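Here is a short briefing on one protein chain. Look at the model first, then work through the points below.

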Amino acid sequence: MRKITSASYCKILAIFTSIILFVILAGVVRGDEPSVDNLIPNEINGWKAETPDGIYDRKTLFDYIDGGAEVYLAYGFQKMLARRFVKENEPSITLDIFDMGSPEDAFGVYSFEQDGKSVGIGNDSEYAAGLLRFWKGKYFVSILADKESPDARKAVMALGRIVASNIQPAGSKPEVVSLLPPLNLIKTSIRYFHKKSGLDYHYFLADKNILNLDEHTNVVLAEYAEKKGKSKLLVVRYPDEDGSVAAYRSFVKAYMPEAQNTGILKTEDGKWVAVKRCGQYLLAVFEAPTRERASELMAAVKMRWERVK
C-alpha cells in the first residue's frame, strides 16, 4: 500500500479546508438565513417540544387556521411553523411563527389586531390571557398557553424572549407609517395593509374598490383622539403618481361628488371628510369634528411628506 507522505497529507488538508471555506463563504455571499426551526428552542422551563413540527405554506395554511388564513394571505405570507410544547400537569403551549416575506408585512399582520400595551419583546408586542403576540424582522410570532397559569405565563414570555433574540436583523415599520402625525395619535389604532379587504375589515367605505387598492398599494389607517370621538386618517402610497391621481378621481366621484372642487365636505352626521394628494400619496380624513381639524390633519401629513420625499 502506498503511504501518504507528510507533504501529501498537508496538501489534502489544505484542499479540504479550502472546500469548507468556500461553502461557508458562498452561504454568506448568498445571504443564507438560519432555518426557522433553529430560531425556536426545543425546551423551555420544563416544557418539551412535541414532534414533528407543523409546516404550512400559502396552499396549506387553510389546513391549520381555516377561516383565518385570508388575513395572512392578504400580505406577503411565505410559510409557517407550528411547534407544541407539553409539560405534565401544566397547560400545553403552542408557538406559531409566520414568515411574512418582509418586516413591513410582519408589522402589518401584527397591527391587524393590536390592542394592548407593549411587553417589551421583539419590535413590538402585547400579552393577554395566555397569548403573546410580537413581530421582529420578517416574522410575526404568536405563543398561546391553552390555559393561563403563573408558570405557563413565565414560560410563554421566556419562549418569546428567546425567539425574538434569535431573529436578526430587526427590520423597520413601513415608510408610510412615518407620515402619521404623532400629536393625539392613538398608537394601538394603527393598521397597515395593502388591499381593499383590509380596509373593509377596519373601516368600510363602499362595495366597490373606489381607492384602487391592491397588493401594490401600501395603506395605513389610524385614529386620533378628539374632545368628542375620534378622527380617522388614511394614507395610501401608490406605485406612482398616476396611481394616486386615478384613485383621487375615483374616490371623489364615488364618495363625495359634491366636493369635486374643494375635496372637503360636511356629512349628514355633522362630521367632516377631506381628501388630498401629495405626489404618489393619497390622504383622507374621516369623522373629523370640524373643518379646521380635518384640514389640520391633512396639513400635518403633507409637512411630514415634504421632509421625506
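A salt bridge is a side-chain nitrogen of Lys or Arg within 4 Å of a carboxyl oxygen of Asp or Glu. Keep that in mind, and remember that this model is predicted. A search of the whole structure finds 11 salt bridges. One of them joins the side chains of Glu126 and Arg133, with N and O 2.8 Å apart, which is within the 4 Å limit.

**Salt bridges**

- Side chains of opposite charge can pair when their charged atoms come close.
- Are Glu126 and Arg133 buried or exposed? Glu126 has a relative accessibility of 10%, so Glu126 counts as buried. Arg133 has a relative accessible area of 7%, so Arg133 is buried too. The cut-off for buried is under 20%.
- Lys196 and Asp200 also meet through their side chains, at 2.7 Å from N to O.
- Both Lys196 and Asp200 lie in helix H6, which covers residues 196-202. They sit 4 residues apart, and that is about one turn of the helix.
- Lys196 counts as buried because its relative accessibility is 16%. Asp200 has 26%, so Asp200 is partly exposed.
- Glu223 and Lys230 form another salt bridge, at 3.6 Å from N to O. Lys230 is partly exposed, with a relative accessibility of 42%.
- Which residues does the network around this pair join? Salt bridges with shared partners link Glu223, Lys230 and Lys232.

- Strands of a sheet pair through backbone hydrogen bonds, either parallel or antiparallel.
- Strand S6 (residues 124-128) runs antiparallel to S7, and 5 bridges join them.
- Ser125 has Phe134, in S7, as its bridge partner.
- S6 and S7 form a hairpin with 2 residues between the strands. Ala129 takes a positive phi there, near 50°.
- How many bridges pair S7 with strand S8 (residues 139-145)? There are 6, and the pairing is antiparallel.
- Phe134 stands opposite Val141 in S8.
- S7 and S8 also make a hairpin with 2 residues between them. In that turn, Gly137 has a positive phi of about 55°.
- Strand S7 (residues 131-136) is mostly covered. Of its 6 residues, 5 are buried.

**Helix H5**

- Helix H5 runs over residues 150-166 and has 17 residues. At 1.5 Å a residue, these should span 24 Å. The end C-alpha atoms are 25 Å apart, so the two values agree.
- Which residues of H5 are buried? They are Ala152, Ala155, Val156, Met157, Ala158, Leu159, Gly160, Val163 and Ala164.
- Arg153 is also found in H5. Arg153 counts as partly exposed, because its relative accessibility is 37%.
- What does Arg153 contact, leaving aside its neighbours within four places in sequence? Arg153 touches Tyr127 and Glu148.
- Arg153 and Leu131 are 22 residues apart along the chain. Their C-alpha atoms are separated by 8.7 Å.

**The six-stranded sheet**

- An open sheet is built from 6 strands, in the order S9-S10-S11-S14-S13-S12. The pairing is antiparallel.
- Which strands lie at the edges? They are strand S9 (185-193) and strand S12 (264-266), and each pairs on one side only.
- From one strand to the next, the twist averages 15°.
- Helix H7 (residues 241-255) packs on the sheet. H7 touches strand S13 (272-278) and strand S14 (281-288). The direction of H7 makes about 160° with that of S13.
- Strand S10 (residues 218-225) and strand S11 (residues 230-237) run antiparallel, and 8 bridges join them.
- Tyr224 stands opposite Ser231 in S11.

- Ser189 counts as buried, because its relative accessibility is 10%.
- A polar atom of the Ser189 side chain lies 2.6 Å from the backbone oxygen of Ile186.
- Leaving aside neighbours within four places in sequence, Ser189 is in contact with Leu221, Ala222 and Glu223. Glu223 also takes part in the salt bridge with Lys230.

Methods: Residues are numbered from 1 along each chain as its sequence is written. This is a predicted model: local features need pLDDT of at least 70, side-chain atom pairs count only at pLDDT 80 or more; totals for chains, interfaces and linings use all residues. Side-chain values use heavy atoms; hydrogens and water are left out. Two strands pair if DSSP finds at least two bridges between them. Axes are lines fitted to C-alpha atoms, for helices over the stretch in contact, and angles run from 0 to 180 degrees between N-to-C directions. Contact means heavy atoms within 4.5 Å. Buried means under 20% relative accessible area, exposed over 50%, partly exposed in between (1.4 Å probe, protein chains only). The expected span of a helix is 1.5 Å times one less than its number of residues. A polar contact is a pair of N or O atoms within 3.5 Å; within protein, one must be able to donate a hydrogen and the other to accept it, and residues adjacent in sequence count only if both atoms are side-chain atoms.
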